[in-house]
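Welcome, and please load the model in your viewer. We will go from the whole chain to single residues, one selection at a time.

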Amino acid sequence: MKLLQFSTSHYCRKIRLILGYKNLNYEVENLTPGLHILRIKPLTGLTTMPVLCLDSGESIGDSTAIWQYLEQQYPDPPLLLADPVLNRQILLLEDWLDESIGIATRFVYYDYRAGAGKHLDTSWLSPIVVNLVRQQYKIQGPAVVLARQRLAQALEILAPWQDRPYLVGDRLTLADFTAAALLTPLQIIPEYQEHTWLWERVKAVHDVCGEPFPPF
Ligand SMILES: N[C@@H](CCC(=O)N[C@@H](CS)C(=O)NCC(=O)O)C(=O)O
């Protein structure tokens, strides 16, 4: 198996965490943003990463389709629980984190990288990439304010994670891997660093999956 990824993408991190949790062997191919479309569109019809290329020649795009495939093919250890009611909570959390919170994270992260966090990467390429991403996703003023509000609410919704190691049930699930991956970019931003409980949880997930943390 080969994972086509952007090394810094939080959606690709989600799949690396799951591959690590399931202890699966895989190769990684890092693609260049922009040029990636030439490589992945013929494979999946999509323009987004991650993409998982199987040894059979088939390719799967989208992190949700990828975890579903991995869960079906490699059920042990499982990403879901035995209880269907709890599983509905896990699936709702995954969808909310993917479709809302991961996007809010991207907005707040790139806004920070373009302003107060400029110094974090001093290479000549960095401001060019940051600005291209901001243009592509229309990351500016009011949209960033809304993203920040959405993240503040998300931290309240996820607050029970402070008092127990798992978001749902009594062991790690897809909900924990998704939250850990999609919130990780916020770890470089001072106002989020103060949520020490969050980074303890995120780090614990990374440790179990054999993924380096902190990532930057
Ligand atoms: N819902 C998708 C979102 C993936 C996504 O947004 N990937 C970004 C990188 S973080 C991407 O590939 N962007 C490139 C593009 O849209 O052209 C998933 O879960 O895989």
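**The whole chain**

Among contacts in the protein between residues at least 6 apart in sequence, 67% join residues at least 24 apart; two residues are in contact if their C-beta atoms, placed from the backbone, lie within 7 Å. This is a predicted model, where local features need pLDDT of at least 70, side-chain atom pairs count only at pLDDT 80 or more, and totals for chains, interfaces and linings use all residues. Residues are numbered from 1 along each chain as its sequence is written.

Now switch to a cartoon view. You will find 9 helices and 4 strands; these are DSSP runs numbered from the N terminus, helices being H or I with at least four residues and strands E with at least two. In sequence order, the pattern reads β-α-β-α-β-β-α-α-α-α-α-α-α.

**The sheet**

Select the 4 strands: they form an open sheet with mixed pairing, in the order E2-E1-E3-E4. Two strands pair if DSSP finds at least two bridges between them. Strand E2 (27–30) and strand E4 (59–61) are at the edges with a single partner strand each, so one side of each has no neighbour in the sheet.

Zoom in on strand E1 (residues 2–5) and strand E3 (residues 51–53), which run antiparallel and are joined by 3 bridges. Here Leu3 stands opposite Leu52 in E3.

**Around the ligand**

Which residues surround the ligand? Select Phe6, Ser9, Tyr11, Thr47, Thr48, Met49, Pro50, Asp62, Ser63, Thr64 and Asp98; a residue is near a molecule if its C-beta atom, placed from the backbone, lies within 6 Å of it.

Stay with Met49 and Pro50: a cis peptide bond joins them, with omega about 10 degrees. Pro50 sits in the loop between H2 and E3. Then click on Asp62, in the loop between E4 and H3. Asp62 has a positive phi of about 85 degrees, although it is not a glycine. Most residues other than glycine have a negative phi, and most peptide bonds are trans.

**Last stop**

Finish at Asn23, in the loop between helix H1 (10–21) and E2. Asn23 is not a glycine, yet has a positive phi of about 60 degrees. With 11 C-beta neighbours inside 10 Å, Asn23 counts as exposed.

Note on methods:
Buried ≥ 20, exposed ≤ 12 C-beta atoms within 10 Å, placed from the backbone.
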